[in-house]
Amino acid sequence: MDAVRLIVTSRRALTAGGDVPHMLAEVWQAQALAQAIGSRLAVVGPPALRGAARGLTELAGRGCGVLGDPDLPPGELRAAQLTELGDARQTLMRLGTLLAETGIALVALACAADDEGMYWQCVEAIDAADESRDRVLQMLGRLAEEDGMPEREAG
């Protein structure tokens, strides 16, 4: 499945809401998808993005790590369904939006956390989502530079 379609699916699932375990699983799915997209861009993406894409892979992996492994039924891991990136700019723009929404969902989870451990887990995941989004914005800026566009017009 192409990256944009997977991102749209993840955004819908994230914004649909649910109980805490469901929302944590959706946040994890979003970070795993960002990790997979970063990994793919690092290998086959535009040369100007490859270093930053490796960084995205690491940051998103950290986001998955702090949340632990969700209990997903076989075949439900969206990142494993990634078969093509499509247009790098479009993929990155949508991924940036997904990561921003992921951070918002994590803030809500942190505010509603019943215990301190869950709160800090959410805070660490918020940091990872924000840093991942910053890396995506950096890559969009590099694409804009390659195209001769001012960075503010890139995204």
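## R11 and its partner

R11 is partly exposed, with a relative accessible area of 28%. That value comes from a predicted model. The side chain of R11 meets that of E101 in a salt bridge, 2.7 Å from N to O. R11 sits in helix α1 (residues 3-15) and E101 in helix α4 (residues 88-112), so this pair links parts 90 residues apart in sequence.

## The other salt bridges

A search of the whole structure turns up 3 salt bridges. One of them joins E26 and R78. Their closest N and O atoms are 2.9 Å apart. E26 belongs to helix α2 (residues 20-44), while R78 lies in the loop between α3 (50-67) and α4, so the contact ties together parts 52 residues apart in sequence. Is this pair buried or exposed? Both E26 and R78 are buried.

R62 and E131 form another salt bridge, at 3.1 Å from N to O. R62 is in helix α3 and E131 in helix α5 (residues 116-147), so this pair connects parts 69 residues apart in sequence. R62 is partly exposed, at 35% relative accessible area. E131 is also partly exposed, at 34%.

## Negative charge on the surface

Which residues gather in a patch of negative charge? They are E124, D127, D130 and D134, and the patch is on the surface. D134 lies in helix α5. Helix α5 also holds E131, the salt-bridge partner of R62.

## Overall fold

The protein has 5 helices and 0 strands. Along the sequence the pattern reads α-α-α-α-α. R11–E101 runs from α1 to α4. R62–E131 runs from α3 to α5. E26 reaches from α2 to a loop residue, R78.

## Size and burial

How does the radius of gyration fit a compact globule, and what is its value? For 155 residues, a compact globule would have a radius of gyration near 15 Å. The protein has 15 Å, so the two agree. The C-alpha trace spans about 50 × 30 × 25 Å along its principal axes.

Of the 155 residues, 45% count as buried. E26 and R78 are buried residues. R11, by contrast, is partly exposed.

How values were computed
Residues numbered from 1 in each chain as written. Predicted model: local features only at pLDDT ≥ 70, side-chain atom pairs only at ≥ 80, totals over all residues. Heavy atoms only, no water. Salt bridge = Lys/Arg side-chain N within 4 Å of Asp/Glu carboxyl O. Helix = DSSP H or I, 4+ residues; strand = E, 2+ residues; numbered from the N terminus. Buried < 20%, exposed > 50% of the residue type's maximum accessible area, 1.4 Å probe, protein only. Patch = residues over 30% accessible without salt bridge, like charges linked within 9 Å, V, L, I, M, F, W, Y side chains within 5 Å. Areas by Shrake-Rupley, 256 points an atom, 1.4 Å probe, with all protein chains shown as cover. Lys, Arg positive; Asp, Glu negative; His and termini not counted. Charge placed at Lys NZ, Arg CZ, Asp CG, Glu CD. Rg over C-alpha atoms; globule rule 2.2 N^0.38 Å.
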